Amino acid sequence: MMLDSKTPSGPVASKWDRARFDNKLVNPANRRKYTILVVGTGLAGASAAASLGEQGYNVKSFCIQDSPRRAHSIAAQGGINAAKNYQNDGDSIYRLFYDTVKGGDYRAREANVYRLAQSSVSIIDQCVAQGVPFAREYGGLLDNRSFGGSQVERTFYARGQTGQQLLLGAYSSMMRQVADGGVKLFPRREMLDLVVIDGKARGIVVRNLVTGELETHAGDAVLLATGGYGTAYYLSTNAVNSNVTAAWRAHKRGAAFANPCYTQIHPTCIPVSGEEQSKLTLMSESLRNDGRVWVPRQQGDARPPEQIPESERDYYLERKYPSFGNLVPRDVASRNAKQACDDGRGVGDSGLAVYLDFADAIARVGEDVIRMRYGNLFDMYHRITDENPYKVPMRMYPAIHYTMGGLWVDYNLQSTVPGLHVLGEANFSDHGANRLGASALMQGLADGYFVIPSTLAQYLGSTALPAVSTDHDAFKEARQTQQDQITRLLAVKGNQTIRSFHRRLGHIMWDYAGMARNDAGLRKALEEIPKLREEFWSSVSVPGDPNNLNQSLEHAGRVADYLEFGELLVRDALHRTESCGGHFREESQTPDGEAQRDDANFSYVAAWEFQGVGRTPTLHKEPLVFEEVHPTQRSYK
Amino acid sequence: MPSRPFTSSVGTKLLVGITGLFLFLYLLVHIAGNLVVFAGPDTFNKYAGALAGNPLIIVIEVVLLVAFLAHIVKTVAMTLANRRARPVAYVVKKPAGGRSRKTLASATMIVSGLWLLIFVVLHVYGFKFAPAPVTADGHRDLYVMEMTYFANPFLVGFYVLTMVIVGMHLSHGISSAFQSLGLDHPAWTPRILTGGKVVAALIAAGFILIALWAHFTGGVRA
Amino acid sequence: MATISITLKVWRQDGPGKPGRLVDYTASNISTDMSFLEMLDVVNEGLIAKGQDAIAFESDCREGICGACGLVINGVPNGPVRGATTCQLHMRSFKNGDTITIEPWRAKAFPVVKDLVVDRSAFDRIIAAGGYVSFNTGGAPDGNCLPISKDVSESAMDMAACIGCGSCVAACKNAAAHLFTSAKVTHLALLPQGQPERYTRVVSMVDRMDQEGFGNCSNEGECEAVCPKDISISGIAQMYRDYHSASIKS
Ligand SMILES: Cc1cc2nc3c(=O)[nH]c(=O)nc-3n(C[C@H](O)[C@H](O)[C@H](O)COP(=O)(O)OP(=O)(O)OC[C@H]3O[C@@H](n4cnc5c(N)ncnc54)[C@H](O)[C@@H]3O)c2cc1C
Ligand code: HEM
Ligand code: HEM
Ligand code: SF4
Ligand code: F3S
Ligand code: FES
């Protein structure tokens, strides 16, 4: 397997122009002849389907949900970055680029990040034109706020529902294409396999979730935009149907998986309240603009917050990071919360929480202003916890939120399987080892609206693609493989529930490959996961009919994949003995407990090649070259 | 794509709203006219005579009839379509409360409406086409007719009940018609909502008063 | 942490057009901190462990934004808490010993897929009929070239907040989709970007809505009362106005 990043030559600022010029074009009259299979309808998938449909390609769009509008992107709250410099506070494309590379702890590919920052500007224009009701100032112009890890105000937002509004914008553009016949929708379909013919991605196998039928679809290229794998940890802020299945099955067909251990923990989530909990709810990090994070100074201080005097509180972020204060990047904020709790100073029943206190902000600007800024978040918190955050501080704890790792892609977003392109959270490309707030929405839309239309044309225009039909043996083989897997799952007929396995896997992942990782723990996980996988295949109960809507079967397939994928994540974490971004190895820290990178040995992308279930995958390295931004120890002091 | 001004679900509401409002306006005029009954037989008969003599009245009657029929056709068709839109009923269904405008009246518009249809047929026959006593100067003596009519306790009961039903129909209908025409305003809509209910109640009360007064006093004997 | 035990009457139906019925289940030792859907998860766990078919119900985000969940609980869409989706309902809204009836959305335009899952693709088709601004990617002018007053943009946002859950249809005695359709019509009618297609949009979206077999609106406002995003029926009035204007203009 060769990893060729295909990064264009020349100065970083002109690479994308150059690529767009060098890329082959597809004549408008010929586009109709190409069938593009787009899997996923989140920001990345919907924007890609819409743009390609507009250009005249014949697009088929697949998603798990009953409607493309429900893709998980809908849940993003905080906002989207763009280097518009509308606030005249010194922002620029270069600064957004710089911040993103630095924020990613120098583990991202510079050229991709620069292109992302360039595209950010057009994204906002595009969305405004779609009718996305971004927040505005009284003068009628777009409003911005600052977001974790940045000292400029470059985040655009629509109340606490930015992801929803952006997704509905992309969805509406896509639905326009559906009406025009350019895009055909296939909702309630789960991609189970990738079909590779003559070394190229030529189709997919999907399960029709209503009839149970395994359908095959042939095309000239496959675009995966299936989101992240946060639910490997069972509890996460991701939607309950999020999965690694599509990416993992593509991996098994030859797509390298890059940096799976780069997972992001979000510092401000509502703490776990019980074993039956099915997901964790994120409270937007915009809350840290006004909320102050603290724990009691004293260990085991069980007094209610209002009885703890100012002098006995430790506003530890403000104390340790005077210039960024409560706005330090997510990994820093998360780790500090964990440290405070490990230190016995956590609050709440479980001791696994820190306070996020708005009392000062309310005193400063008044409750009404706070309600205007965060009303829906406060209501959400109130509803879930039955506590009123206008009166008592919120309790927060970190939770798995985003996965920077994903299928390896080159500059053109193409994976190691020609024709298979990967967009959005499902690829590994732009965030390095840590993603800055409000950058995932930006990346998803950049990939779909602006990058793929150009790079896909390059692939189509430069590749011989003889017609294939779904009668091809490769389709039959893939379909049969999936049929067998389903039969196998249903045949176990054990007595343990699917969820119980998912939960147990989640515990292993969180305990050993969560916020802080070490050699012994990771090795333990490498023993535990295969055992759990074996137990799953001998004692899971998957009831119901394969030829009907069967959510148990769906869930079982996803958990089966996680039981394989989890091992890869752990292996990646074990091999990377440095700390970087969201990957914190306890063995590699500075004297004051910050992540310590090891650039000499780990300045590369780790791309893993599948060798069979339970077999050690092969590691390929794509060296990272920094021509513009010179890696330094990140400091937010 | 051309709009369907009167046949789409929105156009239907336009028609129901306009006809409903027109019928409502007629009722306003009608009750005003009927309240003249308290002024005594001469004034009342003179007023009725003047009305009947006006050539415009025939135009109004025709428009009224058309509006009435259109209202019925549209609302009946609509109700049937609405039934088809939910072929399997809920086992348990409760009103949501809160900001909802749902009331017993709104839920039974078709019942109150059909009742009104029957009523209007009987009423118009009774007051317009049935043989009537004649005044000294040769006009129909509506005053006496009305008093005779309401002497019958069953008829009074039927009228009182019907007027309650009219009130109900209008208590939802008036504000609803504004909404159907798209007339909504943050400050005015709440007023229309209450105002509509008050007017509906006043209309019902006014008619009931006439019927009861006629029954118990027999009016002012000329 | 309090726990309660409850009896459930759950609508079970094998597939579209198949007969359905309410089946009784008991859920014991349910923590009141659990969400309603987590309670159903627990019931399903019990069924799955016994190898029985789990109750099918939809959910994804479980935080009130994707619009996937949605059940009629004791006769009211999304149950007793207003301004919330089903996934945002917590068991603390119920008492020990309660009996809870759970039914799917019921409308001709939302046929039951299985148990509590219905097919809401009619909503997608309504949006495809015109719920967008027609322009191709790449052609947009600068985001700040059209100032939009804060009030207008906030009002547009109020309408754009619709999550397409279908609670409005479920609650309406006529199974009308007016609130959903009007939310999109109004969102775009308020913004300058929506003006060029304003009148053609409303006509084609209403047309599609009618073809899908939804009922007519009788201005009852049950939809508004159950809408998890508090979308107001003043949007329906706006849709009426625009439709009537379209009729006059054409
Ligand atoms: C609670 C929360 C808040 C967030 N807030 C922000 C924020 O404020 N700013 C920001 O920039 N980012 C935020 N993020 C991150 C961001 O939302 C996501 O990274 C981004 O939306 C991912 O988009 P996507 O298009 O890649 O994938 P998704 O939106 O996850 O879409 C995945 C799509 O793939 C489909 N799919 C998945 N598997 C299959 C399969 N096997 N077969 C067929 N289809 C499949 C799904 O149906 C879906 O349509 C947030 C994330 C969360 C969880
Ligand atoms: C004098 C007689 C009547 C008056 C003043 C009247 C008035 C009204 C008004 C103002 C409305 C509201 C219109 C709207 O929502 O847009 C209405 C609605 C209605 N009317 Fe009448 N009406 C009368 C007779 C009838 C009759 C005879 C029927 C019989 C079928 C009827 C059936 C209905 C129904 C079913 C509605 C509800 C429409 C809906 O669901 O929106 N009405 N009426
Ligand atoms: C106590 C209540 C009422 C009284 C005393 C009353 C009285 C009358 C009288 C006296 C007439 C005859 C007018 C004429 O011949 O020129 C009349 C006609 C009529 N009334 Fe009433 N009315 C009452 C209630 C109602 C109600 C509630 C309705 C409608 C729902 C109604 C609808 C009509 C109509 C449609 C006509 C025929 C009008 C015409 O052809 O010009 N009336 N009424
Ligand atoms: S209008 Fe409200 S109830 Fe209807 S679909 Fe939208 S959010 Fe749901
Ligand atoms: S409940 Fe139904 S009647 Fe109209 S106002 Fe709402 S759609
Ligand atoms: S599951 Fe997403 S709104 Fe309830």
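## Chain B as a whole

Of the 222 residues of chain B, 43% count as buried, where buried means under 20% relative accessible area, exposed over 50% and partly exposed in between, with a 1.4 Å probe and protein chains only. This is a predicted model, in which local features need pLDDT of at least 70 and side-chain atom pairs count only at pLDDT 80 or more, while totals for chains, interfaces and linings use all residues. Residues are numbered from 1 along each chain as its sequence is written, chains are lettered from A and ligands numbered from 1 in the order in which they are written, and side-chain values use heavy atoms, with hydrogens and water left out.

Chain B has eight helices and zero strands, helices (H or I, at least four residues) and strands (E, at least two) being DSSP runs numbered from the N terminus. Taken along the principal axes, the C-alpha atoms of chain B fill a box of roughly 60 × 40 × 35 Å. Among the contacts in chain B between residues at least 6 apart in sequence, 76% join residues at least 24 apart, a contact being heavy atoms within 4.5 Å.

## The iron atom of ligand 3

His30(B) and His123(B) each coordinate the iron atom of ligand 3 through NE2, at 1.9 to 2.1 Å; donors are N, O and S atoms within 2.8 Å of the metal (3.2 Å for Na, K and Ca), and water is not among the atoms, so sites may look incomplete. The site is octahedral, with angles of 85 to 179° among its six donor atoms; six donors count as octahedral if opposite donors are over 155 degrees apart and all others between 65 and 115. Because His30(B) lies in helix α1 (residues 9-35) of chain B and His123(B) in helix α5 (residues 109-129) of chain B, the pair ties together parts that are 93 residues apart in sequence. His30(B) is partly exposed, with a relative accessible area of 23%, whereas His123(B), at 16% relative accessibility, counts as buried.

His71(B) lies in helix α3 (residues 56-84) of chain B and His169(B) in helix α7 (residues 153-180) of chain B, so the pair ties together parts that are 98 residues apart in sequence. Both His71(B) and His169(B) are buried.

## Chain pairs and a residue of chain C

Among the two pairs of chains that touch, the most contacts are between chains A and C, while chain A and chain B do not touch, their nearest C-alpha atoms being 14 Å apart.

In chain C, Tyr199(C) is found in helix α6 (residues 198-211) and is partly exposed, with a relative accessible area of 25%. Not counting residues up to four places away in sequence, Tyr199(C) touches Asp242(C), Ser245(C), Ala246(C) and Lys249(C).

## Positive phi angles in chain A

Ala438(A) has a positive phi of about 70° although it is not a glycine, and Ala438(A) is found in the loop between β17 (420-422) and α12 (440-462) of chain A. Ala438(A) is buried, with a relative accessible area of 5%.

Lys493(A), likewise not a glycine, has a positive phi of about 50° and lies in the loop between α13 (473-492) and α14 (498-513) of chain A. At 66% relative accessibility, Lys493(A) counts as exposed.

Key. Four donors count as tetrahedral if all angles lie between 85 and 135 degrees; four count as square planar and six as octahedral if opposite donors are over 155 degrees apart and all others between 65 and 115; anything else is irregular.
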